[in-house]
There are 2 protein chains.
Amino acid sequence: MISMQNNLKFIEGGGVTTAEGFLASGVHCGIRKNKSKLDVALIVADRECSAAATCTTNKVKAAPIVMTIDHLQNGKARAVLVNSGCANACAPGGMEAAKATVDAAAAAMGTQPDEFIVASTGVIGVTLPADKIISALPELADTLSRDGTGAAEAIMTTDLFMKTAAVSFTLGGKTVKLGGIAKGSGMIHPNMATMLAFLTTDCAIEPALLQEALKTSTDRTYNRISVDGDTSTNDMAAILANGAAGNPIIAEKGEDFEIFRQALDAVNLKLAKDIAKDGEGATKLITCSVTCAPSEEVAVLVGKSVISSSLVKAALFGADANWGRILCACGYSGAEFEPTLVDIAFSSPAGKIAVCKSGAGLDFDEEVAKKVLSESDVTIEICMNDGTHSAETYGCDLTYDYVKINGDYRS
Amino acid sequence: MISMQNNLKFIEGGGVTTAEGFLASGVHCGIRKNKSKLDVALIVADRECSAAATCTTNKVKAAPIVMTIDHLQNGKARAVLVNSGCANACAPGGMEAAKATVDAAAAAMGTQPDEFIVASTGVIGVTLPADKIISALPELADTLSRDGTGAAEAIMTTDLFMKTAAVSFTLGGKTVKLGGIAKGSGMIHPNMATMLAFLTTDCAIEPALLQEALKTSTDRTYNRISVDGDTSTNDMAAILANGAAGNPIIAEKGEDFEIFRQALDAVNLKLAKDIAKDGEGATKLITCSVTCAPSEEVAVLVGKSVISSSLVKAALFGADANWGRILCACGYSGAEFEPTLVDIAFSSPAGKIAVCKSGAGLDFDEEVAKKVLSESDVTIEICMNDGTHSAETYGCDLTYDYVKINGDYRS
């Protein structure tokens with residue numbers, strides 16, 4: 001989907017502070033019991049930014065989500081304050097607690113409260129300990145730097161690895177950078193925005209176009225992953241664009257806007273796949289590649305259904321080529337299609353094996369299938385033979401550890 | 001919902017042969033490798049019956065489903081032939097294999113092939129070994145009896161216990177009986193019909209009304225359970241009514257029809273709850289009782305979302321009172337409601353504990369909650385405080401064993 005034109009390049013080790021003019025920090029404020037676990041992060045731009053966010057579609061929205069939607073009405077923001085360990089959702093006094101932290105952070109940074117994007121992740125039903133965050137603000141401010149790893153670490157919950165990505169590209173003769181951080185790894189299901197992702201760019205772009213680019217990119221990336229089918233109360237993807245790159249401001253749709261979208265998609269896709277790969281308890285990333293579909297909508301419906309199936313996920317954990325469950329998941333996806341046209345194959349770095357042709361099983365070598373499916377990066381290839389559209393969706397396997405992690409999350 | 005009027009009574013040990021005029025048998029024909037596992041069953045009525053079935057809504061339908069829908073166009077049938085170990089779905093020659101078995105069975109029983117309801121359950125993608133079933137027909141015919149346990153056992157796959165139920169009730173001065181058998185226990189998700197259930201009754205009733213009663217009852221019972229969110233390619237609930245009870249035939253809606261519906265609901269609800277309780281790897285039955293809802297549709301939407309949530313299911317496996325996940329699942333159910341009105345409590349034989357009031361967490365005793373949730377029969381009570389409607393849905397917990405069973409189902 002993304003062609004590598006206009007010098008679009010990934011930056012090794014890049015993240016939320018790769019774009020010019022952004023600083024970040026992450027410290028331990030005491031929400032998490034483990035003192036070595038960073039639990040609050042601050043991201044600050046050197047000036048007022050165009051800003052946009054996509055938020056959860058869950059009817060139950062956490063206080064920080066409600067506050068951020070309000071703050072972004074003017075399309076402007078300058079900083080992000082985010083904590084892990086407490087979702088600040090469904091708890092008395094949640095809005096007051098969020099307000100207290102943002103007011104204090106704004107005073108500390110010399111900005112206005114409504115210039116803050118605010119987010120939380122963690123247990124639902126516990127009031128945010130605002131005092132702990134407020135006490136940590138001096139340290140957060142003092143440690144702001146061009147190193148974004150503290151912030152990337154502070155937003156992690158059950159994540160096993162940090163999710164960061166950044167690209168550079170050329171726009172109007174200027175080098176522009178765009179990077180971000182994200183966290184998973186449970187309560188992840190494609191339905192508008194998902195999980196937390198914070199992106200920064202030094203691109204100059206109008207807020208309305210930034211919002212449109214983020215919304216479209218979210219649909220193509222985060223909304224195409226699933227870990228467990230649960231859409232969180234706290235999902236948010238947000239972006240700040242400070243214009244420091246000096247490119248001619250993107251104020252209308254056109255070539256520059258398309259280049260920006262490609263860069264944004266590239267970073268979001270990398271972060272989204274990292275979230276799927278690091279799904280709670282997961283041992284492998286599963287990509288479902290649906291091709292020759294009658295429409296992109298059908299390809300996405302079918303692919304989401306397959307990566308969300310508990311039976312498919314458990315079979316892949318066991319490296320069992322149980323393709324019947326895949327065709328079954330296509331069948332209840334809600335998509336209109338002809339099952340007798342469908343071909344299915346598995347592929348991975350260990351090879352490729354066809355298992356179903358025209359809706360019926362093929363004789364295949366179980367040993368080879370086991371080898372293909374034992375890799376940590378497996379693709380389910382579904383060819384619908386009924387059109388020219390395609391889509392990729394991303395998920396992970398269902399493992400003992402998912403059950404273990406979620407049987408006693410609060411302890 | 002079901003009042004115990006008209007002498008509606010459960011019959012201890014009753015099942016698919018409790019109604020007058022029905023015989024059944026179950027034998028091992030060799031589809032399953034384990035020689036002690038019965039894998040094919042026959043149910044036969046003493047005369048032509050009114051017959052009805054609800055079948056899977058999956059776009060991918062197994063051959064026996066397609067055949068049964070065709071056979072029941074005239075609303076009549078006389079026998080059921082069903083095997084476990086092979087779903088006869090998505091495999092070359094599936095329809096021919098189904099036809100061969102039914103033709104042979106009809107010849108053996110002296111009936112017509114189109115008087116057969118035919119069903120299969122097991123692995124998808126393998127052609128039905130028709131010869132094995134045909135070879136077993138003499139034994140199936142010879143062992144037909146008033147004992148329905150062989151048939152109940154033969155349809156089991158990963159089920160741990162047989163699911164049978166029967167009731168008697170009075171209609172027009174006559175005693176009428178209705179009973180059935182069902183099987184779970186994976187690929188179970190509420191979407192029209194589900195899993196396999198076979199019901200027999202000696203009630204006299206016209207086919208069109210039988211179909212309507214079965215459809216409504218399926219919506220209220222089987223369609224309100226979920227084990228893993230996967231809607232099978234082979235789901236079927238079917239009923240035969242031979243009229244042997246001698247009641248005035250039910251040919252229009254009225255009091256008799258309502259009495260029949262209550263009896264049908266009672267048997268189906270018992271079988272549905274047994275399927276949920278015996279979900280793959282499950283350690284407990286979870287009932288979600290939604291009350292004071294603005295409509296029954298909202299109550300069902302919310303309840304289905306809660307019992308289908310992997311996070312809720314894993315928390316209950318761990319006896320963790322993580323109610324935030326419940327409110328979160330309500331939030332993404334698609335139902336319109338006001339989260340700040342919702343109260344949540346847990347109850348079980350060990351007691352009851354309120355955990356959420358008006359959408360916000362209550363202080364509660366974790367020890368007491370643990371005790372309540374450690375029972376094998378737990379109810380999540382959700383009061384929406386926004387109407388007078390209610391609904392119950394049924395599910396089970398998500399356990400290590402679910403992953404184990406489904407990581408290597410085909411071996």
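In helix 1 of chain B, A63(B), V66(B), M67(B) and H71(B) meet G94(B), M95(B), A98(B), K99(B) and V102(B) of helix 2 of chain B, where contact means heavy atoms within 4.5 Å. The residues of this contact divide into six nonpolar, two polar and one charged. Ala, Val, Leu, Ile, Met, Phe, Trp, Tyr, Cys and Pro count as nonpolar, Asp, Glu, Lys and Arg as charged, and the others, Gly among them, as polar. This is a predicted model, in which local features need pLDDT of at least 70 and side-chain atom pairs count only at pLDDT 80 or more, while totals for chains, interfaces and linings use all residues. Residues are numbered from 1 along each chain as its sequence is written, chains are lettered from A in the order in which they are written, and side-chain values use heavy atoms, with hydrogens and water left out.

**Helices 1 and 2 of chain B**
- Helix 1 (residues 63-71) and helix 2 (residues 94-109) of chain B pack at about 55°, with their axes 8 Å apart.
- That angle makes helix 1 of chain B oblique to helix 2 of chain B; angles under 35 degrees count as roughly parallel, over 145 as roughly antiparallel, 65 to 115 as roughly perpendicular and the rest as oblique.
- Helix 1 of chain B passes helix 2 of chain B in a right-handed crossing.

**Helices 1 and 2 of chain A**
- In chain A, the axes of helix 1 (residues 63-71) and helix 2 (residues 94-109) come within 8 Å and cross at roughly 55°.
- Helix 1 of chain A is therefore oblique to helix 2 of chain A.
- Their crossing is right-handed.
- A63(A), V66(A), M67(A) and H71(A) in helix 1 of chain A meet G94(A), M95(A), A98(A), K99(A) and V102(A) in helix 2 of chain A.

**Helices 7 and 9 of chain B**
- The axes of helix 7 (residues 296-308) and helix 9 (residues 323-331) of chain B come within 8 Å and cross at roughly 130°.
- These two helices of chain B are therefore oblique to each other.
- V302(B), S305(B) and V306(B) in helix 7 of chain B meet I326(B), A329(B) and C330(B) in helix 9 of chain B.
- By class, that contact holds five nonpolar, one polar and no charged residues.

**Interface of chains A and B**
- At the interface, 53 residues of chain B are in contact with 53 residues of chain A.
- The area buried between the two chains is about 4,300 Å², of which carbon and sulfur atoms give 58%; buried area is the accessible area (1.4 Å probe) that two parts lose on being put together, summed over both.
- The rule finds two salt bridges across the interface, each a side-chain nitrogen of Lys or Arg within 4 Å of a carboxyl oxygen of Asp or Glu.
- K59(A) forms a salt bridge with E336(B), with the closest N and O atoms 3.0 Å apart.

Technical notes: Axes fitted to C-alpha atoms, helices over the stretch in contact; angles between N-to-C directions. Helix = DSSP H or I, 4+ residues; strand = E, 2+ residues; numbered from the N terminus. Left-handed = near helix turned anticlockwise from the far one by under 90°.
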